[in-house]
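Please look through the sequence and the structure below before reading on.

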Amino acid sequence: GLLLLAAALGATAATRCPAPCVCDNLRAHVLCLNGSLMAIPDTIPELTKKLDLRGNSFTVIPAGAFLATPYLTHLDLQRCKVERLEEGAFRGLGRLVYLNLASNGIALLYQESLDGLSSLQQLILEGNRIEEIQPGAFGHLGSLTVLDLRANALVYLPDMVFQGLQVLRWLRLSHNALHVLGSEAFAALPALRRLSLDHNELQTLPGEALARLDGATRLDLGHNPITYVAEEALAMASLRHLFLDHASLQDVAPDAFARSPQLRMLDLRENQLQGLPPLAGAGGLVRVSLDGNPLLCSCLLRPFHKWLARARVEAEGACAAPPALRGRSLNSLKSPEMRCSRLRPRPSPTAPPEQPRAAGSKRCPLRCVCSPDFHHASCENRDLREIPRDFPEDTRLLDLRQNPFSTVPPDAFPGLKELVSLHLQRCSIRVLHPGALRGLESLVYLYLTDNHLSALSAAAFEGAPQLAYLYLDRNAFTRVPAGTFRLLPNLISLHLQHNAIGELVEGDLAGARGLRWLYLAGNAIRHIAPAALAPTKMLEKLQLEGNHLSEVPTAALRGLPALSELKLSRNPIKHMGDNAFLPVASSLQHLYLDNMGLEWISPHAFTGLGPKIKSLYLESNKMSNIPDMSNFTGLEILNLQDVPFHCDCQLLPLHRWINKLNLRVGATCGSPAEAQGLKVKLSTTFQTCPGWGRGEAGETNPNKTKAASKPSKKKRSGKSPARGLSKSRA
């Protein structure tokens, strides 16, 4: 009976494979790769174990999206343009062990976003734009062993943010913008063995936070602007490998590592160290790497050199001075060679003074909830007409969403000098008065989404100089609030999407010198003045999708040497002329030109672009040909779906190029009639073209072409279908 039931379920599964997916019923795998799916298919076989949805366009993962597939163990949602995970999005996936959400647009993790994933072991969130994690977001992930948050936009980690991750072994936080860590940020990670904090903006070694990691054996802190390691700065009982390479170190205290007795390997490469003292207390040290430091091999280095020999520590590094010893390895030196004639001792920098922590009272306003463990206060949706006062002075996250405040008066948040994140979404706010944020000297995140603001003055931000992330999306702005940003020297990210802005003019962004990400999607922008973006010389992302631009704003792109991502999707740009992206050709990596109704692209439109381009989106347009892109050798994503290519001899270069790519591009012939609907790479209309026989042999077999093409650096999904697939690839 059980066998008959299994056979019946297998037969049902075999008939339910949704288009344009591929179903491998023998292994219970479903692949729906690089398609145009806008929602999670509801006809995926119930017994599916591995579901691969990479390269689709979901935007939002709604609550209960996978309730129909409760047996999933692996789910891949990379590059799906996901911006929001609704609470309960993964509910019902109690068997899932692997979830990959890399390379999406997720900005915020709420407390219930990951609810229901009790068996999850690996969570990949690399390459999103996560700016904040609310305490409790990982509280339901009791089986997680690897959490990957690399390449996001994190600036601050609040206390207990990783609570619930009792078996986590590797936490990856590299390539963020972290410069503030709560003293209890890592307090709830008893099983952690490896912590990656490299490529952030930490200016001091966060010793208090790291002291909670009794079991960690490897710590990566390289590529942070740390200048000094103070006395007993690192108290990690099990630490064996410490990486402080490529920082800005000028000095290390003699007993800096005295409270890390298991330390074996210390990597100090590529710093600004002229020497080191004997590292007292680091009795277990085996190797110190000092390559790339300007070591001064004078008598001042003798104590360290003698300590190396006495402690039998291997040292890697070479002298930079004096000239007679330049290039000599430390191991080859003898004490008499290290002389001090006419050399003055370099004064040792002192450790920066430690700032006293605010004691913080235990009061909490009526109808609000204050959590002393998280330093978190919430009055969400309490129908409050005025902003409450008397919050604990050590509050760091204040949630006031969904209250009808109408205005934010001057000095609205007294005593909250430690506040980092302020949530004022959906509060019917029309006016932010001058001085409204006065005293919020630690504020990094300000959420004013979904209000009725139509104007702002710079004075409104007086007293909040650390503000880095400003959310003004879904308000009533008809123009960028000019001059507003001159009191915000640390502004990194500005969200103005879904307003009614009609143009960008010179002076709109004055003062926004450090801005990296500018979001202007869903406005009514018809024109961008040539000098409108001039103040934002550090800009990396410019999102202009869903506006009314009729041409590429080429002139406005001049002076943006760091721009790596440009989104122009859903603008009515019909024609694209010569040198459209030339001003940013040396830095641009991701270009979105989809869903524009584009009818013609000049052969020279992409002049200057080349190997740096990693992703190019041209789907859902109307042109019948595209320029030569043979030098786009770094492409990882190319989308040419829903473009009516005219498959005649003029398209032969594109056909040849596509056949050499190890990518799924989705290019389809729209004409002539005999080729309509065929994949460009499979169409036989090119076989009558002059020169077809030269190097074309075997190209009509896509599997042979892929096998012969040069393998890419990253794994691709363009492999031949395996046996047992119930439907061939579209």
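Cys80 has a relative accessibility of 0% and therefore counts as buried. In this predicted model, is the sulfur of Cys80 close enough to another cysteine sulfur for a bond, or too far? The closest cysteine sulfur is that of Cys32, and it lies 9.9 Å away, which is too far for a bond. A disulfide is counted here when two cysteine sulfur atoms are within 2.5 Å. Cys427 also counts as buried, because its relative accessibility is 0%.

By the cut-off of 2.5 Å, the structure has seven disulfides. One of them joins Cys21 to Cys32, with an S to S distance of 1.9 Å. Cys21 sits in the loop between α1 (2-14) and β1 (22-24), and Cys32 sits in the loop between β2 (29-31) and β3 (50-52), so the bond ties together parts that are 11 residues apart in sequence. Both Cys21 and Cys32 are buried. The torsion about their S-S bond is about 105 degrees, so this disulfide is right-handed.

In the span of residues 16-50, 20% is strand and 0% is helix, and the C-alpha atoms at its ends are 15 Å apart.

Another disulfide is formed by Cys368 and Cys379, whose sulfur atoms are 2.0 Å apart. The torsion about this S-S bond is about 110 degrees, so the disulfide is right-handed. Cys368 belongs to the loop between β24 (319-321) and β25 (369-371), while Cys379 belongs to the loop between β26 (376-378) and β27 (397-399), and the two are 11 residues apart. Cys368 is buried at a relative accessible area of 13%, and Cys379 counts as buried at 0%.

A further disulfide links Cys649 and Cys689, with 2.2 Å between the sulfur atoms. Is this link right-handed or left-handed? The angle about the S-S bond is -100 degrees, and the link is left-handed. The pair connects distant parts of the chain: Cys649 lies in the loop between β44 (644-646) and α4, and Cys689 lies in the loop between β45 (668-671) and α5 (702-708), 40 residues apart. Cys649 is partly exposed, with a relative accessible area of 36%, whereas Cys689 counts as buried at 5%.

Next comes a helix. The buried residues of α3 (residues 302-311) are Phe304, His305, Trp307 and Leu308. Viewed down the helix axis, these buried residues fall within an arc of 160 degrees, so they line one face of α3. Ala309 and Arg310, on the other side of α3, are exposed. Strand β23 (314-316) is part of what covers the buried residues of the helix. Just after α3, Arg312 takes a positive phi of about 55 degrees.

The last topic is how nonpolar residues group together. In soluble globular proteins, nonpolar side chains tend to be buried together. The largest nonpolar core here has 106 residues, and those that touch the most other members are Phe413, Leu422, Met576 and Phe581. Helix α4 (residues 652-660) supplies the largest share of this core, four residues. Apart from this core lies another, of 102 residues, among them Ile40, Leu149, Leu239 and Leu276. Leaving out residues up to four places away in sequence, the contacts of Phe581 include Val552, Leu566, Leu591 and Phe606.

Note on methods: Residues numbered from 1 in each chain as written. Predicted model: local features only at pLDDT ≥ 70, side-chain atom pairs only at ≥ 80, totals over all residues. Heavy atoms only, no water. Buried < 20%, exposed > 50% of the residue type's maximum accessible area, 1.4 Å probe, protein only. Arc of directions from axis to C-beta. Contact = heavy atoms within 4.5 Å. Core = buried A, V, L, I, M, F, W, Y, C linked by side-chain atoms within 4.5 Å.
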